[in-house]
Amino acid sequence: LSLCGCQAERRKSDAELGLNPTQAFGRRVFDANCARCHEPYSKHGLHGPSLHNLYKKQYLPSGQPANDERITWTILHGRAKMPAFDGTLSERQIDALLAYLKTL
């Protein structure tokens, strides 16, 4: 079966990405809660902005600094169309998610 014109790449494994156990757990948290709206490795967003190079930028799309404090606040409280995850994600899940986001 040929998929002519399809540009989809095979998803890399945690090992291929060099993720440690915390980052790999954060990737699973991302997949379950964030992936439907945010692209991790593409510059194109879905319903929300791409998170590619999130920590390599000085500012978030909102204009806030790209640091743990502001990203955690956004995860917990939401923003615009993004729902709040306070009470949904544990502190361990958020810490792992931040560790994963730093690898993007």
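Reader: Which residues does Phe25 touch, not counting residues up to four places away in sequence?

Author: This is a predicted model, in which local features need pLDDT of at least 70 and side-chain atom pairs count only at pLDDT 80 or more, while totals for chains, interfaces and linings use all residues. Residues are numbered from 1 along each chain as its sequence is written, and side-chain values use heavy atoms, with hydrogens and water left out. Contact here means heavy atoms within 4.5 Å. With residues up to four places away in sequence set aside, the residues that Phe25 touches are Arg92, Gln93 and Ala96.

Reader: Is Phe25 buried or exposed?

Author: Phe25 has its place in helix α2, helices being DSSP runs of H or I with at least four residues, numbered from the N terminus. Buried means under 20% relative accessible area, exposed over 50%, and partly exposed in between, with a 1.4 Å probe and protein chains only. Since its relative accessible area is 15%, Phe25 is buried.

Reader: How are α2 and α4 oriented to each other?

Author: Helix α2 (residues 21-33) and α4 pack with their axes 7 Å apart and at an angle of about 100°, where axes are lines fitted to C-alpha atoms over the stretch in contact and angles run from 0 to 180 degrees between N-to-C directions. Angles under 35 degrees count as roughly parallel, over 145 as roughly antiparallel, 65 to 115 as roughly perpendicular and the rest as oblique. The two helices α2 and α4 are therefore roughly perpendicular.

Reader: Which residues does Asn33 touch, not counting residues up to four places away in sequence?

Author: Asn33 is found in helix α2 and, at 17% relative accessibility, counts as buried. A polar atom of its side chain lies 3.0 Å from the backbone oxygen of Val29. Leaving out residues up to four places away in sequence, Asn33 touches Phe85 and Leu89.

Reader: Why do the buried residues of α3 line one face of the helix?

Author: In helix α3 (residues 68-77), the buried residues are Ile71, Thr74 and Ile75. Seen down the axis of α3, these buried residues line one face because they fall within an arc of 100°, the arc being that of the directions from the helix axis to the C-beta atoms.

Reader: Which helix is included in what covers the buried residues of α3?

Author: Just after α3, Gly78 takes a positive phi of about 75°. As for the buried residues of α3, what covers them includes α4 (91-101).

Terms used: Polar contact = N/O pair within 3.5 Å; in protein donor to acceptor, adjacent residues only side chain to side chain.
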